[in-house]
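Q: I am new to this structure. Can we walk through it one feature at a time?

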Amino acid sequence: MSNAAPILSLRGVTRRFGGLVAVRDVDLDVVPGTIHGLIGPNGAGKSTAFDLVSGVTPVSAGTIRFDGRDVTHLPVHMRVEAGICRTFQTPRLFEAMTVLETVLTGRHRHARCGFLGSMFSLGAKARDEAQQTEVALRLLALVGLDGEADTTVSGLSYGARRKLEIARALATEPRLLLLDEVASGLNPVETEFVAGIIRRLAAEGMTIVLVEHDMRFIMGLCERVTVLNFGARIADGPPVSVTGDEAVIEAYLGRPRTDATPRREARRQHG
Amino acid sequence: MTFVIQLMSGLAVGCIYGLVAIGFSMIYRAMGLVNFAQADIMMIGAFLGYAILVAAPGIPFWLAIIGAMLGAALLGFVIERVAIRPSVARRADQVYLVLLTLGIGIVLSNGARLIWGADPVVYPTGLTHQTLTLAGYPLPAVYLYIAVVMPALLVGLHLFFTRTWLGLALRAAADDPDTAATMGVRPALATSVSFALASAIGAAAGVLYAPISYVSFDMGVIGVKAFAAAVVGTLGSIPGAVLGGFIIGLGETFGGQLIATEYQDSIAFAIMIGILLLKPTGLLSGARR
């Protein structure tokens, strides 16, 4: 583990939904400026973990620290202000807006004039608006959507929606970006394009956590990987060591047949 | 001769319904709530205009409109903070929230009765009896104000929603409050601003309606027709609210003329029922909001 103080740090984080424990006593440290993967089979609790970190779902127990500060009970919009932003497994966009407007929603808290002030001081407003629009257009260029600025969101392709969601998240100027299955539904060319964006952002110093299904995508990108299974952390480390880990192979592929242990029992050991 | 006068009067009252309907739609869009206090806020707005005209005789009518709008905006803001938000925070069911707005409406209407009395009042301004002649047709002078204020408010709303940060944040929050929060939009912001705006627009309707009618604590009953207008044009749609207002306003005016004016209210609802039978989601449900 690197010596740098973690930018994101989870201790004993648990989330229960009724009788179901979606995330169980998870510890996680993310080193600043790295690309960190969060993987696991279906239903392992990866997306729930994202919901807990971004504040969309409250924790049942445990603490979440961001940049040394306890954010466990901070509401979503204040975590954005602190520098945490996320995308969703299925892009959640504002359908009636244009592509440019969508990215500008992420800029609104950076707008220099206050909300009401922006309505009155027209000169400053125009200057500020031009500045924010410029930033938004730059982000659209980064994700390759600069030609679509005036397109209505409802008319976008699936791949474009993914890219737009990334641009919108970047508009909030996060220090920690949480990308939930950002490559799913993309063709190989688009996947490689998105991987390029992620590398570039990390090179510029942003910390990125990826929740991903696609092992190859994660292994090619991440410096560190945490594996969840049935809500609990079963492995953590560099990709090479994690892929060799027996518990991980078992979680993904099941226990080898020759072992003759019934699946149900194997599960109980981990549950 | 009567046709043009009827047409003008139908359009004028349609504007009033449309403005109140915009209030219904804005709050519905922001939080999925039908705010039945909307019409009583319009009534309070009409009384605020009256209070301003009494307190400062000779004050220009448009200042009374603006004063009433500001007062009502404050009232709407306070209502949302004091009554609606705590109930939403405690996860009250929609049914109780709607009942709550009905209760707020009753409190407002009885409050107005306590302050201004049970007898209807007439605006102490020349505008009340003044007529202007348009192409040979005598029309109430206040129609001129309606013809100016209504488009001005619509343009203002459009600019607000498309050209300001607050408007953009409000659209995001109305579309999906949880996702808007992940963009840093405080969820409560959308509801309080929507209440303030809807109340201000309702107050404008009240002040404009007062010279053609009268001001009384129970004038909120026209809210039922404004609600019909909002539903006809699809609840949640601002253009739909305007369209619905005109349909109900013109329909009840011409229908009343054809049948009998005392059936005006029934005609308004017959139109609503008829349209909902044909298009249950309202006329503009397919259109972009």
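**Reading the interface and the rings**

A: Start with polar contacts. Between chain B and chain A, four residue pairs are in polar contact, both residues being at pLDDT 80 or more. Keep in mind that this is a predicted model.

Q: Which helices of chain B supply at least two residues each to the side that touches chain A?
A: They are α5 (142-163), α6 (165-175), α7 (177-181) and α8 (187-209) of chain B. α6(B) gives the most, with six residues.

Q: What classes of residue make up the side of chain B that touches chain A?
A: That side has eleven nonpolar, five polar and seven charged residues.

Q: How many salt bridges does the rule find across the interface of chain B and chain A?
A: The rule finds two. In one of them, E101(A) pairs with R171(B), and the closest N and O atoms are 2.8 Å apart.

Q: How should I read the size of an interface?
A: The size is often given as the accessible area lost when the parts come together. Here, chain B and chain A bury about 2,400 Å² between them. Carbon and sulfur atoms carry 67% of that area.

Q: How many residues are in contact on each side?
A: Chain B has 23 residues in contact with 32 residues of chain A.

Q: Now the rings. How many aromatic pairs does the structure hold over all chains?
A: It holds nine. One of them joins F3(B) and F254(B): the pair is tilted, 5.4 Å centre to centre, with 35° between the planes.

Q: Why does the pair of F3(B) and F254(B) tie together parts that are 251 residues apart in sequence?
A: Look at the helices. F3(B) lies in helix α1 (residues 2-31) of chain B and F254(B) in helix α10 (residues 238-258) of chain B, so the pair links parts 251 residues apart in sequence. F3(B) counts as exposed, at 51% relative accessibility. F254(B) counts as partly exposed, at 23%.

Q: F160(B) and F161(B) also form an aromatic pair; what is its geometry?
A: The pair is edge-to-face, 5.1 Å centre to centre, with 70° between the planes.

Q: Is F160(B) buried or exposed? And is F161(B) buried or exposed?
A: F160(B) is buried, at a relative accessible area of 7%. F161(B) is buried too, at 13%.

Q: Which residues do ring pairs link into a cluster?
A: Y50(B), F61(B), Y123(B) and Y145(B).

Conventions
Residues are numbered from 1 along each chain as its sequence is written. Chains are lettered from A and ligands numbered from 1 in the order in which they are written. This is a predicted model: local features need pLDDT of at least 70, side-chain atom pairs count only at pLDDT 80 or more; totals for chains, interfaces and linings use all residues. Side-chain values use heavy atoms; hydrogens and water are left out. Contact means heavy atoms within 4.5 Å. Buried area is the accessible area (1.4 Å probe) that two parts lose on being put together, summed over both. A salt bridge is a side-chain nitrogen of Lys or Arg within 4 Å of a carboxyl oxygen of Asp or Glu. A polar contact is a pair of N or O atoms within 3.5 Å; within protein, one must be able to donate a hydrogen and the other to accept it, and residues adjacent in sequence count only if both atoms are side-chain atoms. Helices (H or I, at least four residues) and strands (E, at least two) are DSSP runs, numbered from the N terminus. Ala, Val, Leu, Ile, Met, Phe, Trp, Tyr, Cys and Pro count as nonpolar, Asp, Glu, Lys and Arg as charged, and the others, Gly among them, as polar. Rings of Phe, Tyr and Trp (its six-membered ring) pair if their centres lie within 6.5 Å; planes under 30 degrees apart count as stacked, over 60 as edge-to-face and the rest as tilted. Buried means under 20% relative accessible area, exposed over 50%, partly exposed in between (1.4 Å probe, protein chains only).
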